[in-house]
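I opened my notebook for a walk through this one. My entries follow, in the order I made them.

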Amino acid sequence: MHTDAIIEAVGGMSRFQILMVVFIFCPRMLMAWGMLMMSFAGTTPDWWCLPATAPSVDETDYMNNVTLKLCPTSDNITCQVVYSQDKNTIVSEWGLICDRKEGNPLVTSVQMAGVFVGALLGGQSADVLGRKWTYFVCLVLQGGFNLVAAFSVNWQMFTVLRFLIGMMTGSLLVVCYPYFIEFVGKKWRSLASAIPVWVTGLCAFALSSWLRPDWSHQHIILAALHLPFFAGWFFVPESLHWLAVKGRTDEAEKVVDQMSRYNKREKPTNTLQLLKQVAEEEQKLRASGSKYTYLDIYRGWSICWKSLIIQFVWACLSLMYYGISFGAGRLAGNLYLNIFLLGVVEVPTTVLTFFTNNKFGRKWTAVGFFAVATSAAFGVAIIAKTVSKDEQGVLINVLALVTKLGVGGAWAVYGLWSNETYPTVIRNLGFGAANTAARVGGMIAPYVFAGGDGDLVEPFVIVGSTMAVCGVLSVVMKDTKDQPLADTVGNQKNTRGDVTMVAIHMDIETQEALASLS
């Protein structure tokens, strides 16, 4: 609460926050690219099982519907597999077809397991070691693992590296969101869910895959794109909130000095005093000397039930979001266009959340998006059941896009809502647990949606039902609109939307600026 007031005084959204957007939030583009890499790299190109003929025979004479994706049997055991040359994926690279086809979804599922582990470790690390160290170490490792993955010699090596990439991505996703909003004024926190950096990453990935349709090249390109963001280490400070609750008040004051210089605003004259108050409150709450762990997000019914709802919702959102994304190859039409559309469809909802969050609050914005996703998901199931497959293509595609629109919007809201629900001392733990729950859905998604040519009715009925349940649970949740971020577990119960609760001695110009932000 005190730190929120200080941030408002030195500028809740100005030059310093733009710096944070560039170096902390923009790398989410790379995370999106890496997370959805398998939507291209795991695609199965057309292939034919051709008879072993003399070299003089033209192979194209045998590339027909009879030999298309015909797995070798006792009758054609000597046939040779020829892949379409329009793209090079891990399927064509290592022959993940027929009796080895389970290796393809396994790679994606193992990647999501890595994200699961990374979300657990990243949340704990960010709260113990700090946001900055955790963030930049994981960013460097993510770039390095992508580069090594590009030179994998077999699919087993590639699977291990996708797990490691997933770990770094999971950690970064947990850290970057709270790291950013802990430097932003309360009225600007909705911006975190409105900046379409994730969507931009998906669209850039679609374009890059179209221009260079090779799984190895895509990993090299992604690794190279990490380089500019490493410079952020020299400009971006540690979280002011985190330093304050850890009792490192002198360092926290230096961060305030940096913010005031960048934003050209005077800092409150009693800044150090306010920071010490935060540290003292936290010290009293932790007199026993114990460290916060994941158990603290379930300690006490008032926070436990919120944590359980948040984690359930995140798991359902992840199941649907990545299910559709990894299954882009099953949609009718061009693969690269489908990946692009599945990304760009989130732009209007991402931007819309900035206004709806501030106008209607987190609760009703989320409920609205869940209603859209539920309707579209049941629409897919109905069409898949009643319309012939020849006529399903466009209809299924449109409703899948609408479903992705609803899911993407709801997830953007919950990304902000979840962070605002927890106080600083357990914020990364709470957000990490939510991300961890999401990876359970992510690990299942490749098998539910991306494998084979199964019926769409059952999975989309399940999705529609779970989205409806998520909407109902969202109604029960407490809205956090216009509420300051709580720093400790104790003051979470007593926060109000008025930053003038804290007495700050400052000059007339700063008072007027703070009043305008309030």
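**Entry 1, overall make-up.** I counted 21 helices and 2 strands in the protein. I took these from DSSP runs, with helices as H or I of at least four residues and strands as E of at least two, numbered from the N terminus. This is a predicted model, in which local features need pLDDT of at least 70 and side-chain atom pairs count only at pLDDT 80 or more, while totals for chains, interfaces and linings use all residues. Residues are numbered from 1 along each chain as its sequence is written, and side-chain values use heavy atoms, with hydrogens and water left out.

I then looked at burial, and 59% of the 518 residues count as buried. My cut-offs were under 20% relative accessible area for buried, over 50% for exposed and partly exposed in between, with a 1.4 Å probe and protein chains only. For contacts I used heavy atoms within 4.5 Å. Among contacts between residues at least 6 apart in sequence, 83% join residues at least 24 apart.

I defined a nonpolar core as a set of buried Ala, Val, Leu, Ile, Met, Phe, Trp, Tyr and Cys residues joined through side-chain atoms within 4.5 Å. The largest one has 145 residues, and Y135, W198, Y322 and Y414 touch the most other members. Helix α8 gives this core its largest share, 15 residues.

Leaving out residues up to four places away in sequence, Y322 touches M35, L36, M112, W198, G327, W411, R439 and A445.

How do α3 and α8 pack? Helix α3 (residues 28–35) and helix α8 (residues 155–181) meet at an angle of about 145°, and their axes are 10 Å apart. The axes are lines fitted to C-alpha atoms, for helices over the stretch in contact, and the angles run from 0 to 180 degrees between N-to-C directions. The crossing of α3 past α8 is left-handed, that is, the near helix is turned anticlockwise from the far one by less than a right angle, with clockwise being right-handed.

On the α3 side I listed R28, M31, G34 and M35, and on the α8 side R162, T169, L172, L173, C176 and Y177. By class, the contact has 6 nonpolar, 2 polar and 2 charged residues. Here Ala, Val, Leu, Ile, Met, Phe, Trp, Tyr, Cys and Pro count as nonpolar, Asp, Glu, Lys and Arg as charged, and the others, Gly among them, as polar.

**Entry 4, the strand pair.** β1 and β2 run antiparallel, joined by 4 bridges; I needed at least two DSSP bridges to call strands paired. W47 stands opposite Y83 in β2. Strand β1 (residues 47–50) is covered on both faces, with W47 and C49 buried on one side and W48 and L50 on the other.

In β2 (residues 80–83) I checked Q80, which is partly exposed at a relative accessible area of 35%. Q80 and C49 are 31 residues apart in sequence, yet 5.5 Å apart from C-alpha to C-alpha. Past the strand, Q85 lies in the loop between β2 and α5 (90–94). Is Q85 buried or exposed? Its relative accessibility is 73%, so Q85 counts as exposed. The C-alpha atoms of Q85 and W47 are separated by 9.4 Å.

A400 sits in helix α18 (residues 389–421) and is buried, with a relative accessible area of 3%. I found A400 touching I324, L331 and V380, not counting residues up to four places away in sequence.

A437 is in helix α19 (residues 424–449) and is also buried, at 14%. Between A437 and S318, 119 residues apart in sequence, the C-alpha distance is 8.7 Å.

K264 lies in the loop between α13 (249–263) and α14 (271–285). Its phi is near 55°, a positive value in a residue other than glycine. K264 is exposed, with a relative accessible area of 62%.
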